Amino acid sequence: MCITLSLSSKPCIGVCNGSLQLPKSMVTTAQTEVITAPKRPNTFPGLTKQGISDIDLRVQEVVRRQSWTNSLVREVNCRKSRFEPMFIDDAYEKCRNICAEYAKTFYLGTLLMTKERQKAIWAIYVWCRRTDELVDGPNAEYMSPAVLERWEERLQDIFEGRPYDMLDAALSDTVFNFPLDIKPFRDMIEGMRMDTRKSRYESFQELYLYCYYVAGTVGLMTVPVMGIAPESSVSAYTIYNAALYLGIGNQLTNILRDVGEDALRGRVYLPQDELAQFGLTDKDVFSRKVTEAWRDFMKEQIIRARSFFNLAEEGASQLDKDSRWPVWSSLILYRKILDAIEDNDYDNLTKRAYVGRTKKLLTLPLAYTRALSKPSLYLR
Ligand SMILES: CC(C)=CCC/C(C)=C/CC/C(C)=C/CC/C(C)=C/[C@@H]1[C@@H](COP(=O)(O)OP(=O)(O)O)[C@]1(C)CC/C=C(\C)CC/C=C(\C)CCC=C(C)C
Ligand SMILES: [Mn+2]
């Protein structure tokens, strides 16, 4: 019996060529449980142990479900369900166009991936984008709990190989090619439910949960596509956590970039208790005036967002070597939005921080250098 499977671009799942093949997550966990301690952001101000562990349980569940029995079941599905090549190529092409149009930074990252992986990421991107648009897109006024319920049923159908439309078909195909777990997808829909119910967040604890739902989940969705380096000796749990942190860092950055825009929609995604600590309230957000107190408040928020990117860095180096460059690129590029807020002298009330094309392209060689670093043996 040989253990050969890695979560790489073309996972061969289950029994291949007569030998039993285990998913990478099983292999790494077994090898390294003793030498790695789980990393938790227990030093972040505003996060209680309970709040961290609520999300931690979700990460553990996703990692546990990457078990080989699960993968065997998927292999059987995989044999049953295949789409016509021309149809599915067209579906992925549509996803590519949407990603290129709506998400230039992520799209640039996908151009550095293998063909199979980039198609999968475009399909995941499009599903995420459509999910988000249900609540804040042009048709958001038609939003209701029933709409999200229907969307969740469609998600189940996608995972069972019964896509409703072409864009869903691209994700269905991706589900058959990579060992994706439905849970983070469901959790993202839950995040959209939360967004329709709430427009204020009392504490970072509450905001963290929202960020997990709408963005940490993207990290969990994409690790099985990115793959884990065969030479990585840290547990899958540690790597999934790093992916979670990248999602959280991205979303916190999104929030800080869009404070002015969100305020125009009556929404404040900033912890109310932390605003108060700086003598600020919603009124200051709506006044669109950048004061010294606002700048001091923003400095703290930026420090925290950066700390999530820093935690994600160590996991990025554990990914399959072909995925490290795109992930590093998107990590560095997204982090640059925080620099751009600083360059705007913390005016995120009337200005949108922006990273220009030249700066974007200049990060590629830097990301490439970072991507060359091999997975280290031990993580803190
Ligand atoms: C170990 C390790 C570091 C692995 C890497 C894992 C990885 C690739 C993580 C990426 C995480 C990521 C890209 C998170 C996206 C977070 C995000 C921007 C969420 C947005 C939510 C709602 O925000 P809001 O409404 O405030 O924003 P808008 O103003 O409406 O834009 C989202 C919009 C939710 C939906 C998310 C997306 C549409 C982005 C999904 C992106 C991908 C699937 C592409 C990932 C590809 C690369 C190359 C990183
Ligand atoms: Mn949105």
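Start by selecting Leu167, Asp168, Ala169, Ala170, Leu171, Ser172, Asp173, Thr174, Val175, Phe176 and Asn177, the buried residues of helix α8. Buried means under 20% relative accessible area, exposed over 50% and partly exposed in between (1.4 Å probe, protein chains only); helices are DSSP runs of H or I, at least four residues, numbered from the N terminus. With eleven of its twelve residues buried, α8 is largely enclosed by the rest of the structure.

This is a predicted model, where local features need pLDDT of at least 70, side-chain atom pairs count only at pLDDT 80 or more, and totals for chains, interfaces and linings use all residues. Residues are numbered from 1 along each chain as its sequence is written, chains are lettered from A and ligands numbered from 1 in the order written, and side-chain values use heavy atoms, leaving out hydrogens and water.

Stay with α8 and pick Asp165: at the start of the helix, one of its side-chain oxygens reaches to within 3.2 Å of the backbone nitrogen of Leu167.

Next, select ligand 2, the manganese ion. Asp132 (OD), Asp132 (OD) and Asp136 (OD) coordinate it at 2.1 to 2.6 Å. Donors here are N, O and S atoms within 2.8 Å of the metal (3.2 Å for Na, K and Ca); water is not among the atoms, so sites may look incomplete. Asp132 and Asp136 are four residues apart in helix α6 (residues 115-136), about one helical turn. Asp132 is buried at 19% relative accessibility, whereas Asp136 is partly exposed at 31%.

Finally, show Trp294 and its contacts (heavy atoms within 4.5 Å). Leaving aside neighbours within four places in sequence, Trp294 is in contact with Val259, Leu270, Leu275, Leu280, Val285, Tyr346, Asn348 and Leu349.

Key:
Helices (H or I, at least four residues) and strands (E, at least two) are DSSP runs, numbered from the N terminus. A polar contact is a pair of N or O atoms within 3.5 Å; within protein, one must be able to donate a hydrogen and the other to accept it, and residues adjacent in sequence count only if both atoms are side-chain atoms.
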